[in-house]
Structures are given as C-alpha cells and as structure tokens.
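Here are some exercises to work through with the model open beside you. Try each task before you read its solution.

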Amino acid sequence: MDKTLSLDGTPIAYRRRGDGPPVVLVGGALSTAADGELLAALLERHFTVVTYDRRGRGASGDTGPYAVRREIEDLAAVAARAGERVSVFGMLSGGALALEAQAAGVPAVRVAVFEPPYTPGAAGRLYKARCTARLHELLSAGDRAGAVALYLSRTGVQGPTIARMRRAPLWSGLEAVAHTLAYDDAVLGTGAVPGERFAAVTARTLVVTGGFSTARAQETTLALAAAVPRARHRTLTGQTREVAPQAIAPVLTDFFTREVFAHR
C-alpha cells in the first residue's frame, strides 16, 4: 500500500487500482481497507478505486488525541491522491464520515452511503448515550474483547454467534482495532441525524438501505435523505445491513457515472 500524510502528519495507507473517474471507499466500524477489496474489484472495471485504512487501523498511523476533524482531514488527503472530481462511498459509520467530510468542504462531487447507523429520537439518543458510556468504560479498562462484543450485540449479532466468533481466527483482528470503535462512535455524535450540518452538503447524494434491514434503519435513512439537500433514497431488495458487494456495485456504478438524476 502507498501512504499519504494527513494534515497533522499522520500517515494514512491507501491502495489505488483501476482506471476511470476516481472513487474512494470509506469503511465502517472495525473495518480495514482489506474489507473493501471485493467491492473495489467490482468497481475498478469502471473507476479508479481507492481504499484506505482509516486512522488507527491496519497500516495507517494513529496520532492522538482523536478528533472527528482529524478523520475528515484523513479522507481529504486520500481524496486528493485519488484525483479530481472524486466520488465517495461510505459504508455504515463510514457513510456518516463521508457526509461530515463533504459538509466540511472536502470536494466530492457525489456521495453514496449505506445505512449510517444514526439513532434519532429521544429514545435513540438515550440508547446511544448509554452505549457510548459503556464502550468507554470497556476501553478504559483495556477490555477490547468486551468492546467488540458490545458493538456486535448493538448491530444485532446474537450471543451464541459472538461466542463462536471469539474462537475464530478473525477475532484477533477485530480486537486489534477495537479502540477505533470510539472513533466511529464520535463520528455519529449524539445519534441524531445532524440536519443543520448536512444542509451544507453540496454533492449529489444517494442514501441506500436494505429491503430486509430493520424498520429503524429504513426510517433513519429516509430521514437522512430528507436532511441532505441533493439526496435521494434507494432500497435494495433482499439486502440487509450486511449488503452484498455484488448488489451494491451496480447501484454505485450507475450513480457515479450519471450526470443528472432522472428523478428526485
């Protein structure tokens, strides 16, 4: 992987492949650039695709103290290496980061996001606050396994499945980036959709959800699409929170190559 320096001097590792209009993929919680490989392979037929290790993961650095602004600067540095008129796709909390970055002035012409996990409403904000407090307790105690288990349970993974995952080889990799769960948690703020900030998003935006995702996820993505000025919403039939790369790739290809929207 190549590296670029973020504004604070942190090295950010990225990989560039393909030929065509530039697209940057932004992973969600616990993910590294490697998790975007299959989607990147499908998109590189049409685009120059850039995947990267977010701050604190894989081959990237992790200069402290953490701030969401630093991750925005990381994405800006990667986008600059990708080329002019870049598009961005963010998965889950990576989608929230992509929108925060564009609202802050990172010059993406199109942004697509899949189910940024906001938790709007009074009950949702209270739930988020409790999870945030528990996450920081676990990380402060050095309980990386507990932090990963908390995150997985929040995303709907059942206890027996988490227990099996603990015995699998992938678990050590999850623990290695467990501290970055606090970063993703910070990107999501209070859990409310930040409508005032996202009113500054100038990119054409596509907000995607799975047809088999929870009712809350579908409601949240509709609210998010309503908050972003040039956004539209799309539901992928048969998909869940774990969207298949083969299902999202043609949607992104169409969106990132289209000059105008036929419908709003």
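**Exercise 1. Two packed helices**

Task: Work out how the directions of α4 and α5 relate to each other.

Solution: α4 and α5 are roughly antiparallel to each other, a label given to angles over 145 degrees, where under 35 would be roughly parallel, 65 to 115 roughly perpendicular and the rest oblique. Step one is to find the helices: α4 covers residues 122-140 and α5 covers residues 144-154. Both come from DSSP runs, numbered from the N terminus, in which helices are H or I with at least four residues and strands are E with at least two. Step two is the geometry: the angle is about 160° and the axes lie 9 Å apart. The axes are lines fitted to C-alpha atoms, for helices over the stretch in contact, and angles run from 0 to 180 degrees between N-to-C directions. Step three is the contact list, with contact meaning heavy atoms within 4.5 Å. On the α4 side, Y127, K128, C131, R134, L135, L138 and L139 take part, and they meet G146, A147, L150 and R154 of α5.

Before going on, a note on the source. This is a predicted model, in which local features need pLDDT of at least 70 and side-chain atom pairs count only at pLDDT 80 or more, while totals for chains, interfaces and linings use all residues. Residues are numbered from 1 along each chain as its sequence is written, and side-chain values use heavy atoms, with hydrogens and water left out.

**Exercise 2. The faces of α10**

Task: Decide where the buried residues of α10 sit around its axis.

Solution: Start with the helix itself: α10 (residues 215-227) has 13 residues and reaches 19 Å from its first C-alpha to its last, close to the 18 Å expected at 1.5 Å a residue. That expected span is 1.5 Å times one less than the number of residues. Next, list its buried residues: A217, T220, T221, L224, A225 and A227. Finally, look for the cover: α3, β6, α9, β7 and β8 are among what lies over the buried residues of α10.

**Exercise 3. An enclosed helix**

Task: Find how many residues of α3 are buried.

Solution: Ten of the eleven are buried, so α3 is largely enclosed by the rest of the structure. The buried set includes S93, L97, L99, E100 and Q102. Just after α3, G105 takes a positive phi of about 110°.

Key
Buried < 20%, exposed > 50% of the residue type's maximum accessible area, 1.4 Å probe, protein only. Arc of directions from axis to C-beta.
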